Amino acid sequence: MGNGRVKVGIIGSQFQADIQAASFQIMPHDAEVVAVASPTPGNAAELAKKFGIPRVYTDYREMLKERDIEMVTIAAPNSLHAQMTKDIAAAGKHIVCEKPLAMTIAEGEEMIAVAKRHGVLLMYGEELFFTPKYLKAKEMADAGAFGKIHLVKQSEKHFGPHSPWFWDVNRSGGGALMDLGCHGIAFCYWFLGRSPIKTVYCQMGTYVHGDKTKAEDESLCILEFANGAVGLIENSWARRGGMDDRIEVFGEAGVTYANLHMGNALQTFSENGYGYAVEKAPTTKGWTYPVFEELWNYGTPQELTHFARCVRGKETPQSTGEDGLVVMQALYAGYASAGEGRKISLPYQPPLGVKKPIDLWLNGPTRTQVAQR
Ligand SMILES: NC(=O)c1ccc[n+]([C@@H]2O[C@H](COP(=O)([O-])OP(=O)(O)OC[C@H]3O[C@@H](n4cnc5c(N)ncnc54)[C@H](O)[C@@H]3O)[C@@H](O)[C@H]2O)c1
């Protein structure tokens, strides 16, 4: 095990790669980004310039040959996570894989197995486990503030992703549930002490973005947990006004509500507009809710620092490939539920040949086509 700051390579150079690079700069004590790789000429170089990253690659496999790199983060489309994980593990480096873990349950299982075989950590990029406001809610819950908890809600909504591959179900695997619901499933599972998920019921539709995707842009999902509690997850790619992320927790002895962005924001009116309000906000004119310390409030710097400390053996991973796999299983059950119009029990085994979760909805027997507006 090495000493000093963990040397990190980032795969990808756009949205989440930028957040990762910025996060490592916010908390520079335990890790430093020494390389970035992404295929479009110039893009990785641009990220490198912005954050002072010394080495740039267009082929991530070349980056993996660098002996001093110890941890590699995957900030690339979902369909590439499994192959990248296998390549990183084979190069003997620890892995941080962004959500969702993979496209299929089988891929997720293989990723976990390959990391074990090569003796490297597979850490799962679920920042909601590190979000300060949500951590406070969990701390209170664990201290008994709400008594026995029977309902946990999490919702994440915006007007749709920033990058074309998300809309292509062959590269993303699904729409709002896959992209955003993976956070909600992970959140409820974690909040409830990783009580196993027993059933999933899901309703979804494409209401606004049918012109550009086959994926669902609205999804409602109910999870039943072995401890008797229920999780309710609402996700949308059809909600205007920028990113909206909230939780509600209900127990016999109390409740807590947390609105991650607007709850922390400055209530602002501006005729002229200004630089930046919040992720995916369409405007900064009129009434807006600019957030401050956005990445810190999300928990990404804390998450990535924790992962670097795990590489040094100073901490034990709080978000793992196994967590990502539980989420994958629930996602599959969710799409199957929406496709079949019934509650699905876990463990759920998708029929052979299903290549991505959304196929279970798109090809499901009871799917009703919602009229496009
Ligand atoms: N934790 C979060 O809240 C969060 C937020 C956004 C995205 N994500 C996840 O991060 C991942 C990336 O999403 P994004 O928003 O950054 O997408 P993006 O489109 O902004 O960036 C994708 C990057 O992947 C690179 N890429 C594509 N093919 C590649 C290849 N063969 N080799 C190396 N790089 C390749 C692209 O060049 C680009 O730099 C996705 O899995 C997404 O779900 C997580």
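Where is the place of Pro100? Pro100 sits in the loop between strand 5 (94-98) and helix 5 (105-118). Helices here are DSSP runs of H or I with at least four residues, strands are runs of E with at least two, and both are numbered from the N terminus. The peptide bond leading from Lys99 into Pro100 is cis, with omega near -15°.

Before going on, the ground rules. This is a predicted model, in which local features need pLDDT of at least 70 and side-chain atom pairs count only at pLDDT 80 or more, while totals for chains, interfaces and linings use all residues. Residues are numbered from 1 along each chain as its sequence is written, and side-chain values use heavy atoms, with hydrogens and water left out.

Back to the backbone. Leu346 and Pro347 are also joined by a cis peptide bond, with omega about 0°. Pro347 is in the loop between strand 15 (344-345) and helix 13 (359-362). Arg194 is a residue other than glycine with a positive phi, near 60°; Arg194 belongs to the loop between helix 9, which spans 176-191, and strand 8 (197-205).

Now the ligand. The ligand is surrounded by 26 residues, and the closest are Asn78, Lys99, Glu127, His162 and Ser163; to count, a residue needs a heavy atom within 4 Å of the molecule. By class, this shell has 12 nonpolar, 11 polar and three charged residues. Nonpolar means Ala, Val, Leu, Ile, Met, Phe, Trp, Tyr, Cys and Pro; charged means Asp, Glu, Lys and Arg; the others, Gly among them, are polar. Helix 1 (15-26), helix 4 (81-90) and helix 7 (164-167) each give the shell at least two residues.

Three atom pairs deserve a mention. An N or O atom in the side chain of Trp165 is 2.8 Å from a ligand oxygen, and one in the side chain of His81 is 2.9 Å from a ligand oxygen. Alone, the ligand exposes 840 Å², and the protein buries 87% of that (Shrake-Rupley areas, 1.4 Å probe).

What is the space taken by the ligand? That space is the largest pocket; a molecule counts as sitting there if more than half of its atoms lie within 2 Å of the grid points. On a 1 Å grid over the protein atoms alone, a pocket is an open set of points with protein on both sides within 12 Å along at least five of seven lines, a cavity is a set where a 1.4 Å probe fits but cannot get out, and lining residues have an atom within 4 Å of a point.

The largest pocket holds about 880 Å³, the volume being the space filled by probe spheres on points joined across faces, edges and corners. Its lining has 44 residues, with Gln16, Ala75, Ala76, Pro77 and Trp165 nearest the centre. Helix 1 gives the largest share of that lining, four residues.

Searching the whole structure finds one cavity of 30 Å³ or more, and the largest cavity has a volume of about 50 Å³. Residues lining the largest cavity include Leu260, His261, Phe292 and Tyr298.

Definitions and conventions:
A polar contact is a pair of N or O atoms within 3.5 Å; within protein, one must be able to donate a hydrogen and the other to accept it, and residues adjacent in sequence count only if both atoms are side-chain atoms.
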